[in-house]
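These notebook entries record what I looked up on how two chains meet.

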Amino acid sequence: MHKLLKDHVGEKMLLLGNEAIARGAVEAGVAFAATYPGTPSSEISLNFFQISQESDLYFEYSVNEKVAMEMAAAAANCGLRSMAIMKHVGLNVAADVLMTLAYVGVKGGMVVLTADDPAMFSSQNEQDNRYYGKLAGLPVLEPSSVEEAKEMISYAFDLSETLKEPVLFRTTTRINHSNGIVQLGPIKPRVTQGDFIKDPFNLVTIPAVSRKLHVKLLENLERAAELSDTSRFNMISGTGSWGIICNGVSYAYVDDGVEDLGIRNKVKILRIGFSNPMPSTLIKSFLNGCEKVLIVEEGEPFMEEAVKAIAQEDGKTLQIRGKSKDLFSRLYEFSPSQVRGSIAAFFGVPYTPPRLPDLSDIPEVPQRPPNLCAGCSHRATYHEIKKATEGMETIYPTDIGCYTLGVLPPLSMADFLLCMGSSVDTGGGFSKATNRKVISFIGDSTFFHSGISGLVNAVFNNHNFTLVILENGTTAMTGHQPHPGVDMSHLNLEGYGRVSIEDVVRGIGVTHITKIKPYKVKKSIDAIKEALNYKGVSVIISEEMCVLYAKSLKLAKGKPFQVTDKCKNHRTCLSIACPAFFLWENRVKIDPDLCTGCAVCAQICPENAILPIKERSQSS
Amino acid sequence: MNTTRLIMVAVGGQGNLLASRVLGEAALMAKIPVRMSEIHGMAQRGGVVESAILFGDGKSTIISDGEADVLMGFEPSETLRAINKCNSKTTVITNLSPLMPFTVNIGRGVYPDLRKIQELIRRKTSRLIAFNATALAKEAGNVMAVNMVLLGALIQTDTIPLGIETVKEAMKKITKKSFLDTNLKAFDMGFSAAMNG
């Protein structure tokens with residue numbers, strides 16, 4: 001049985017934040033969940049995927065976040081408890097849904113989980129998604145710890161049903177990827193079959209209906225404000241005259257900082273867990289008796305602006321500060337010592353920051369940039385494109401996935417990136433705005449997510465560029481989740497369809513389609529050259545299973561190679577930056593434990609000096 | 001209960017996260033408050049994996065620069081890279097077996113001298129325990145047991161509030177049954193190495 005399905009009420013378990021969130025949802029009786037994978041949210045869905053295989057929870061990896069949210073919205077409008085899970089930038093993709101779903105509302109509880117990534121450990125920006133709550137007029141909940149995340153999910157479903165609105169549940173990486181001790185609660189039975197009651201004049205958002213629904217939304221928002229004022233997740237501790245208002249993980253750093261500074265008896269803390277609408281009555285009463293107030297929040301001054309506005313309404317003139325050069329930055333994430341230091345500075349508490357070690361004599365430690373894996377077919381494709389474009393003026397728009405790592409030298413095969421799918425559309429733009437040869441790169445999962453509409457656009461508007469679709473049979477970067485092109489029989493799962501990328505591309509009307517097997521270097525280069533000469537939209541599908549995925553499925557067949565005595569030290573092989581290579585006594589060697597036998601290096605060696613290891617015992 | 005802050009750094013694939021889970025489970029068994037956080041983006045692609053484990057009261061799950069009580073490094077250059085987490089009272093435990101970064105392998109970087117690494121760490125912290133944990137893991141029967149060798153050394157230093165038996169119980173619960181004997185042997189060898197070093 002899946003560990004998150006255990007019915008051991010009261011048992012304590014050490015859980016990852018994302019596991020605690022999944023468990024919280026299971027306890028709340030979630031019956032329907034959909035997602036597109038994205039760090040730091042991915043383990044929530046992974047657990048749902050596993051749980052759905054042994055229970056009646058419906059879970060799907062949707063093609064993108066918009067689809068996931070619409071799936072969940074429909075289920076919630078049939079009375080099911082549903083959840084849509086995504087990383088923060090995924091909510092941009094689903095924003096169109098969210099804005100109007102707020103008007104329409106839900107019947108069963110619906111939670112939209114947005115996993116924000118301050119400091120951008122694995123994201124292209126660090127946007128603060130609390131503003132989506134404000135923009136859509138929806139409640140926002142934010143836990144401060146792993147334990148609280150589990151409790152709060154249950155509350156989120158209840159709140160959603162009380163207000164008949166979806167609830168935004170905002171985490172940050174340090175909640176998703178922290179571990180804490182969680183006490184299991186009872187699991188509510190799942191209601192997996194709902195009913196849809198026709199009510200078009202409340203559910204079909206034509207202007208006349210929406211004008212009415214917006215009134216309802218504003219009434220709901222007022223109701224939400226009252227609930228925020230009395231929510232147990234907006235809590236005051238302490239009784240001093242120095243006020244601190246904080247949220248999320250900042251609360252942990254504030255509480256520890258107040259303890260470390262020995263100022264517990266002087267400080268009153270308001271921890272905001274229900275942050276949209278902000279609890280204005282509670283904040284007014286908190287400000288009474290405060291000499292000055294410090295706002296501690298990562299990201300944007302969301303609470304700070306609200307608290308200042310509330311104080312102004314109430315005619316208060318006390319000092320309220322948060323984001324500023326001398327206190328807190330809008331950049332990156334906070335640390336406990338930084339918060340401690342700013343609390344001390346703001347309230348004038350004597351404090352000696354930790355003595356940092358002298359780093360002046362520490363030699364430079366060589367970096368370990370993440371690298372395409374040994375045997376990764378993206379490396380082969382990049383090498384082949386490079387060879388096929390020698391002497392050409394090129395632009396390489398890229399996309400989101402493992403292959404973005406091609407930006408690093410010596411591959412250097414990425415010139416522009418915005419978001420999922422941007423390679424296709426910016427490819428069209430670059431080709432219209434310049435005379436350069438534009439070659440865009442997109443992975444298979446990303447192509448399904450946001451690449452298809454751009455390709456339709458390119459065919460219709462007769463753009464001139466080459467789109468390389470890197471088809472590795474999985475969503476590799478986020479941990480090998482399936483996508484519509486995946487052969488689900490590899491995972492021993494039945495009941496799935498399969499969409500062929502080639503058929504899609506052909507169906508869109510692309511006439512020049514080339515398929516390459518990237519491990520066949522010369523053949524691929526010739527085919528690429530031919531595709532690049534085509535005027536108009538050409539598509540190259542580079543097909544080879546992700547080598548890590550193949551290994552995990554026990555489908556990897558390659559045998560390791562070695563550099564033989566024929567080597568004349570040209571080091572051409574090093575140009576593809578395969579991590580299986582190393583230099584030993586000024587000679588090139590291959591680590592047989594890392595080599596996957598893709599044989600790309602063997603094909604580019606000018607001396608044919610790289611050969612398969614015949615007997616494993618010969619390896620050095 | 002006072003807070004004890006432990007940082008563990010490793011290269012992806014060295015078993016750092018499993019070691020964290022063993023310590024977390026051990027703390028749960030011993031009813032010691034514990035919080036952990038990990039940064040493991042791109043671990044499978046050769047990147048650095050860092051975990052922070054905080055025992056005792058408090059709420060934070062991360063450790064600021066200069067505030068680690070113990071730093072345990074699975075790879076010597078990574079231990080040195082994390083020196084900013086230490087202060088003059090920090091205990092440092094490090095494996096001495098290097099895993100060459102790819103940049104060094106292809107001649108685009110220089111790996112710091114191993115003696116120099118130790119000398120620098122020793123000078124800036126209160127205590128350094130350095131030994132070849134990879135060799136001991138091999139001797140125990142599995143090169144992948146470096147994490148268990150290091151756990152043994154960590155417990156020997158008595159720097160975190162967990163005893164031998166609790167950690168071994170957690171190993172029995174968490175690690176694969178088929179590796180348990182090797183893991184326990186690796187743990188004991190790490191324990192002895194720390195006692196002698």
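I took a salt bridge to be a side-chain nitrogen of Lys or Arg within 4 Å of a carboxyl oxygen of Asp or Glu. The model is predicted, so I noted its limits: local features need pLDDT of at least 70, side-chain atom pairs count only at pLDDT 80 or more, and totals for chains, interfaces and linings use all residues. Side-chain values use heavy atoms, without hydrogens and water, residues are numbered from 1 along each chain as its sequence is written, and chains are lettered from A and ligands numbered from 1 in the order of writing.

Entry on charges. I found 6 salt bridges between chain B and chain A. In one of them, the side chains of A:Arg368 and B:Glu75 meet at 3.1 Å, N to O.

Entry on elements. Strand S1 (4-11), strand S2 (34-39) and helix H1 (16-29) of chain B are among the elements that give two or more residues to the side touching chain A; helices are DSSP runs of H or I with at least four residues, and strands are runs of E with at least two, numbered from the N terminus. S2(B) gives the largest share of that side, 6 residues.

Entry on strand pairing. I saw that S2(B) runs antiparallel to strand S8 (residues 178-183) of chain A, joined by 2 bridges; pairing requires at least two DSSP bridges between the strands. B:Ser37 in S2(B) is the bridge partner of A:Ser178.

Entry on extent. I noted 54 residues of chain B in contact (heavy atoms within 4.5 Å) with 57 residues of chain A.
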